[in-house]
Amino acid sequence: MTNNREVALGDILKNSGVQALAVNADTTAVKEAVDFHLRLLADYLINANGAALPWGRVGGKDNADPIVSAVGAITLAYVRNRICAPRDMSAGAATAFRAAADKVLASLY
């Protein structure tokens with residue numbers, strides 16, 4: 001399981017363009033932000049109950065670092081567009097995954 005996670009993180013870092021947001025070519029913070037947003041998506045897929053996502057603008061106040069939010073937006077858009085049915089999952093699962101990714105993505109801003 002860990003190997004798949006690392007492969008997914010590596011694919012996102014390499015192919016999504018998100019590395020351009022790294023400061024001084026140190027991708028540690030970017031990788032952490034990618035991982036955070038993938039975990040947020042996974043949590044939403046598992047536990048979604050219609051509750052508002054705790055991120056982005058709440059009550060007119062920004063709750064997120066703009067760079068972290070940008071990394072999250074790039075990550076979620078990349079993963080959403082990368083999913084392929086039936087290669088990765090069934091058509092129904094891909095539809096649910098894309099809808100969840102859209103919901104989490106919309107919560108960032």
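Student: Where does methionine 89 lie?
Tutor: Methionine 89 is in the loop between H3 and H4. Helices (H or I, at least four residues) and strands (E, at least two) are DSSP runs, numbered from the N terminus. This is a predicted model, where local features need pLDDT of at least 70, side-chain atom pairs count only at pLDDT 80 or more, and totals for chains, interfaces and linings use all residues. Residues are numbered from 1 along each chain as its sequence is written, and side-chain values use heavy atoms, with hydrogens and water left out.

Student: Why does methionine 89 count as partly exposed?
Tutor: Because its relative accessibility is 22%. Buried means under 20% relative accessible area, exposed over 50%, partly exposed in between (1.4 Å probe, protein chains only).

Student: What is methionine 89 in contact with, leaving aside neighbours within four places in sequence?
Tutor: Ile83, Cys84, Ala94 and Phe97. Contact means heavy atoms within 4.5 Å.

Student: New topic. Is aspartate 35 buried or exposed?
Tutor: Aspartate 35 is buried, at 14% relative accessible area. Its place is in helix H2.

Student: Which residues lie nearest the centre of the largest pocket?
Tutor: Asn4, Arg5, Ala8, Leu9 and Leu38, out of 21 lining residues. H1, H2 and H3 each give two or more residues to that lining. H1 gives the most, seven. On a 1 Å grid over the protein atoms alone, a pocket is an open set of points where a 1.4 Å probe fits, with protein on both sides within 12 Å along at least five of seven lines; lining residues have an atom within 4 Å of a point.

Student: And the core? Which residues have the most contacts inside the largest nonpolar one?
Tutor: Ile12, Val18, Val30, Val34, Leu41, Val71 and Val104, in a core of 23 residues. Helices H1 (2–15), H2 (28–47), H3 (66–82) and H4 (91–108) each give two or more residues to this core. A nonpolar core is a set of buried Ala, Val, Leu, Ile, Met, Phe, Trp, Tyr and Cys residues joined through side-chain atoms within 4.5 Å.

Student: What pattern does the chain follow?
Tutor: Along the sequence, α-α-β-β-α-α.
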